[in-house]
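Student: Could we go through this model together, one question at a time?
Tutor: Gladly; here it is.

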Amino acid sequence: MNKLKLIIIIIWMGIIFLFSNQPAVESGNLSNSFINKTIVKVYEIFNGETDSKSREEIINKYSYFVRKGAHFTVYFILGLLCFTYFKDFTKYPIIYSLILCFVYACTDEFHQYFVNGRYCSFIDVLIDSSGTFISLIISRYIFANKHKI
């Protein structure tokens, strides 16, 4: 079972790598498409049809938050995966998970330095680490309560 958990972690890291390997234009288009299919649609439900200028304003307004939210979310999931792996054979699954996720976030940002139009950002490492940290707190709480029964 631990081998399967490790394989899932590696696959998830590969998915993160693939997102990070997208050139800036492609990554931006993916974010904008997500905003257009979600936030703009919700806006239209409450405010009626939007014109292209309004759509563009909405996309520009929420792009930064969606992109940073994606960082938080993928590392939140990575933290969950790491915790479930490390809890089976160490007394310190949170520490090992934090170290692994932080190191991976650093290497991921360094990798982006070499991708067309992308750059590395320590702020993104902090956002990634925050996602990991929050997931580990939740995981620890759930795991502790589950084993009190």
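Student: How much space lies in the largest pocket?
Tutor: A pocket here is an open set of points on a 1 Å grid over the protein atoms alone, where a 1.4 Å probe fits, with protein on both sides within 12 Å along at least five of seven lines. Its volume is the space filled by probe spheres set on the points, which are joined across faces, edges and corners. This is a predicted model, with pLDDT of at least 70 needed for local features and 80 or more for side-chain atom pairs, while totals for chains, interfaces and linings use all residues. Residues are numbered from 1 along each chain as its sequence is written, and side-chain values use heavy atoms, without hydrogens and water. For the largest pocket the space comes to about 700 Å³.

Student: Which helix gives the most to the lining of the largest pocket?
Tutor: Lining residues have an atom within 4 Å of a point, and the largest pocket has 30 of them, with Ser27, Ser31, Arg67, Ala70 and His71 nearest its centre. Helices are DSSP runs (H or I, at least four residues), numbered from the N terminus. At least two lining residues come from each of helix 1, helix 2 (24-37), helix 4, helix 5 and helix 6 (122-146). Ten residues come from the helix that gives the most, helix 4.

Student: Within what arc do the buried residues of helix 1 fall?
Tutor: Buried means under 20% relative accessible area with a 1.4 Å probe, protein chains only, and exposed means over 50%. In helix 1, Lys5, Ile9, Trp12, Met13, Ile16 and Ser20 are buried, whereas the face turned away from them carries exposed Lys3, Ile10, Ile11 and Leu18. Taking directions from the helix axis to the C-beta atoms, the buried residues line one face of helix 1, because they fall within an arc of 100°.

Student: Is Lys5 buried or exposed?
Tutor: Lys5 lies in helix 1 and touches Thr84, Tyr85, Lys87 and Asp88 (heavy atoms within 4.5 Å), leaving aside residues up to four places away in sequence. Its relative accessibility is 17%, so Lys5 counts as buried.
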